[in-house]
Amino acid sequence: MRPPSSQHKLGTPFVLLVFCLFTITLLLVLLLGANVYRNVNARAAAAYDQRVCLDYLAAKLRHYDQAGMVFCADFHDPKREPAAAELPTLYLCQEVEGELYQTRVYFHDGYLRELFAAAGLEFAPGDGQAVLPADELNFDQQGRLITIFCRSGDQGQSLSLLLRSQGGAGR
Amino acid sequence: MNTDRRATLFLIEQLLAILFFALTAAICVQIFVSSQLMTLTGEARGEAALQAQNVAESYKACAGDLAAVAEQQGGSIDGSGLRQYFDPNWQLCGQEAASYTLTLAATSEPADPVALRRAQLEVIDNQGRVLLAFPVAGREVE
C-alpha cells in the first residue's frame with residue numbers, strides 16, 4: 001500500500017476551500033439580488049401610497065372642472081371658507097335632470113371618503129364611502145387654485161391645481 | 001495516483017465553475033446596480049414632476065407674477081427668476097443643503113398686463129443633471 005502523496009494532502013483541502021468560497025459568494029450574490037429587489041419594491045410601494053391619493057383627486061377635480069362646480073368648504077357647511085372648516089371637504093358638483101348633486105370628498109377615520117348626494121342634505125362624516133386609506137388629507141383654496149395635502153405614512157405631499165374653468169371658484 | 005488525478009480534475013472543474021460564476025455574477029451585480037439607480041432616478045423624476053406641476057399651476061394662477069408664486073409655493077427670487085431648493089426628501093431647504101433645484105425663469109414679460117407671460121421651468125439635481133424642463137405660460141383672466 002502506497003502512502004498518500006503530499007500533493008493529495010494539499011489538494012483536497014484546497015478543493016474544499018475553493019468549493020466553500022464558491023458557495024459563500026453565490027449566497028452573497030443571491031442576497032444582494034434579493035436586497036435590491038426588496039428595496040425597489042418598497043420604494044415603488046411607498047411612491048404608490050403617496051401618489052395614488054393625489055392622482056385620484058387630481059383626476060376627479062379635472063373631470064368636474066366646470067364654472068362654479070368645484071370648491072373647497074366645510075363638510076357640514078358648503079358656504080364656510082376651507083381655512084375655517086372643521087372638516088375640510090372638496091365639493092364636486094353636477095347637475096342631474098335639473099337637480100344639483102354634490103360629491104363630497106373628505107378625510108374621516110383613516111380613509112379618504114366620498115359622499116354623493118343631492119345638494120343641501122345633511123349627513124355625518126361616517127356616511128361616506130371609504131375609497132383609499134390615508135393618514136391625513138387637507139384642502140385649501142385661494143381663488144381658482146386648489147391645494148390638496150395628503151399624507152400616507154411618514155411624509156406628506158401637496159398638489160396645487162388651477163381650475164381651468166373661468167369663474168370656477170364657486171360656493 | 002488516481003485519487004490525485006480525480007482531485008485535480010475536480011479542482012479544474014471548480015475553477016471553471018468559479019470563472020463562469022464570476023462572469024455571470026459581474027453581469028448580475030451590474031444589473032442590480034443599474035436597477036437601483038433607475039429606481040432612484042424614476043423616483044426623483046416623479047417628485048420633480050410634482051413640484052414642477054405645483055409651481056406651474058401657481059404661475060398660471062398668479063398670471064405670471066413670480067413674486068406671487070414665491071409667496072404661494074415658497075422659494076426665493078433672484079436675477080434669473082424663482083428658485084426653490086429641495087433636500088433629498090424633497091422638502092424645501094436652503095441652498096447649502098440642496099440636492100435638487102427648481103428654477104422658473106421668465107422668458108417673456110410683456111408690458112401689457114393681460115398679455116401672455118412665458119417662463120421656462122427646470123428641475124436639476126446637485127450634479128447638474130436636468131430631471132425635467134418645460135415651458136409654462138399664464139395670463140390675467142378677467
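Let's start in a loop of chain A: Asp109(A) sits between strand 3 (99-108) and strand 4. When I say strand or helix, I mean DSSP runs numbered from the N terminus, with helices being H or I of at least four residues and strands being E of at least two. Asp109(A) has a phi near 55 degrees, a positive value in a residue other than glycine. Is Asp109(A) buried or exposed? At 59% relative accessibility, Asp109(A) counts as exposed. The cut-offs are these: buried is under 20% relative accessible area, exposed is over 50%, and partly exposed is in between, with a 1.4 Å probe and protein chains only.

A quick word on what we are looking at. This is a predicted model, where local features need pLDDT of at least 70, side-chain atom pairs count only at pLDDT 80 or more, and totals for chains, interfaces and linings use all residues. Residues are numbered from 1 along each chain as its sequence is written, chains are lettered from A and ligands numbered from 1 in the order in which they are written, and side-chain values use heavy atoms, with hydrogens and water left out.

Now to strand 3 of chain A, where we find Gln102(A). Gln102(A) has 6% relative accessibility and so counts as buried. Between the C-alpha atoms of Gln102(A) and Ala58(A) there are 17 Å in space, and 44 residues in sequence.

Next, charges. Side chains of opposite charge can pair when their charged atoms come close. The structure holds 8 salt bridges over all chains, each being a side-chain nitrogen of Lys or Arg within 4 Å of a carboxyl oxygen of Asp or Glu.

Take Glu114(A) and Lys60(A), whose side chains meet in a salt bridge at 3.5 Å, N to O. Why does this pair tie together parts that are 54 residues apart in sequence? Because Glu114(A) lies in strand 4 (residues 111-118) of chain A, while Lys60(A) lies in helix 1 of chain A. Glu114(A) counts as buried at 15% relative accessibility, and Lys60(A) counts as buried at 17%.

Over in chain B, Asp78(B) pairs with Arg83(B), and their closest N and O atoms are 2.8 Å apart. Asp78(B) is partly exposed, with a relative accessible area of 34%, and Arg83(B) is partly exposed too, at 23%. Asp125(B) makes a salt bridge with Arg129(B), with 2.9 Å between the closest N and O atoms. Asp125(B) is buried, with a relative accessible area of 8%. There is also a network of salt bridges that links Arg62(A), Arg164(A) and Glu57(B).

Let's move on to empty space. Rolling a probe the size of a water molecule over the atoms shows where empty space is left. On a 1 Å grid over the protein atoms alone, a pocket is an open set of points where a 1.4 Å probe fits, with protein on both sides within 12 Å along at least five of seven lines; lining residues have an atom within 4 Å of a point.

How much space lies in the largest pocket? About 1,000 Å³, counted as the space filled by probe spheres set on the grid points, which are joined across faces, edges and corners. The pocket is lined by 39 residues, and the closest to its centre are Glu43(B), Glu47(B), Pro88(B), Asn89(B) and Trp90(B).

Which element gives the most to this lining? Helix 1 of chain B does, with 12 residues. Chain A takes part as well: helix 1 (6-63) and strand 8 (156-162) of chain A each supply at least two residues. By class, the lining has 14 nonpolar, 17 polar and 8 charged residues. Here Ala, Val, Leu, Ile, Met, Phe, Trp, Tyr, Cys and Pro count as nonpolar, Asp, Glu, Lys and Arg as charged, and the others, Gly among them, as polar.

Trp90(B) has a positive phi of about 65 degrees although it is not a glycine, and Trp90(B) is buried, with a relative accessible area of 7%. Gln53(B) belongs to helix 1 of chain B and is partly exposed at 27%.

Last stop, Leu16(B), also placed in helix 1 of chain B. Leu16(B) counts as exposed, at 55% relative accessibility.
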